[in-house]
Amino acid sequence: MLTDGDFDDPDNKTVRDRLKKLNIQHKVKVNTIAFVARREEADRSKDFVDFLSLLAKENGGVSRVVASEDFGK
């Protein structure tokens, strides 16, 4: 799952509940990537980053934060 922010329509709870229903047998791993312009934005966007991490954890995947300064390493 790739996103640039919290979900608005549907909201975060609706997205989480829907994933739970669709992946009830945990046959699909959901990995999440939070793209931010700078690493410090991840700290300011903690709720968003934590939500993506929760989605990944609940669905057997991993979550990563990628900042523009990570490119070229």
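This note goes through the helices, the core and a few loop residues of a predicted model.

1. Residues are numbered from 1 along each chain as its sequence is written, and side-chain values use heavy atoms, with hydrogens and water left out. Because the model is predicted, local features need pLDDT of at least 70 and side-chain atom pairs count only at pLDDT 80 or more, whereas totals for chains, interfaces and linings use all residues.

2. Helix 3, which covers residues 46–58, has 13 residues and spans 18 Å from its first C-alpha to its last, close to the 18 Å expected at 1.5 Å a residue. The expected span is 1.5 Å times one less than the number of residues of the helix. Helices (H or I, at least four residues) and strands (E, at least two) are DSSP runs, numbered from the N terminus. Just after helix 3, glycine 60 takes a positive phi of about 70°.

3. Which residues of helix 3 are buried? They are Phe48, Val49, Phe51, Leu52, Leu55 and Ala56, where buried means under 20% relative accessible area, exposed means over 50% and partly exposed lies in between, with a 1.4 Å probe and protein chains only. The face turned away from the buried side carries the exposed residues Asp47 and Lys57.

4. In helix 1 (residues 12–22), the buried residues are Asn12, Val15 and Leu19. Their arc around the axis is only 65°, so they are on the same side of helix 1. On the other side of helix 1, Lys13 and Lys21 are exposed. Helix 3 is included in what covers the buried residues of helix 1.

5. How do helix 1 and helix 3 pack? Their axes are 11 Å apart and meet at an angle of about 10°, which makes helix 1 roughly parallel to helix 3. Angles under 35 degrees count as roughly parallel, over 145 as roughly antiparallel, 65 to 115 as roughly perpendicular and the rest as oblique; axes are lines fitted to C-alpha atoms, for helices over the stretch in contact, and angles run from 0 to 180 degrees between N-to-C directions. Contact (heavy atoms within 4.5 Å) is made by Asn12, Val15, Arg16, Leu19 and Lys20 of helix 1 and by Phe51, Leu54, Leu55 and Glu58 of helix 3.

6. The largest nonpolar core has 10 residues in all, among them Val15, Leu19, Val30, Phe51 and Leu55. Such a core is a set of buried Ala, Val, Leu, Ile, Met, Phe, Trp, Tyr and Cys residues joined through side-chain atoms within 4.5 Å. Helix 1 and helix 3 are the elements that give two or more residues to this core, and the largest share, 5 residues, comes from helix 3.

7. Two asparagines in loops deserve a look. Asparagine 23, in the loop between helix 1 and strand 2, is buried with a relative accessible area of 7%, and asparagine 59, in the loop between helix 3 and strand 3 (63–67), is buried with a relative accessible area of 5%. Not counting residues up to four places away in sequence, asparagine 23 touches Val28, Val30 and Asn59.

8. Arginine 38 lies in the loop between strand 2 (32–36) and helix 2 (39–44) and is partly exposed, with a relative accessible area of 42%. Leaving aside neighbours within four places in sequence, arginine 38 is in contact with Arg44, Ala67 and Glu69.

Notes. Arc of directions from axis to C-beta.
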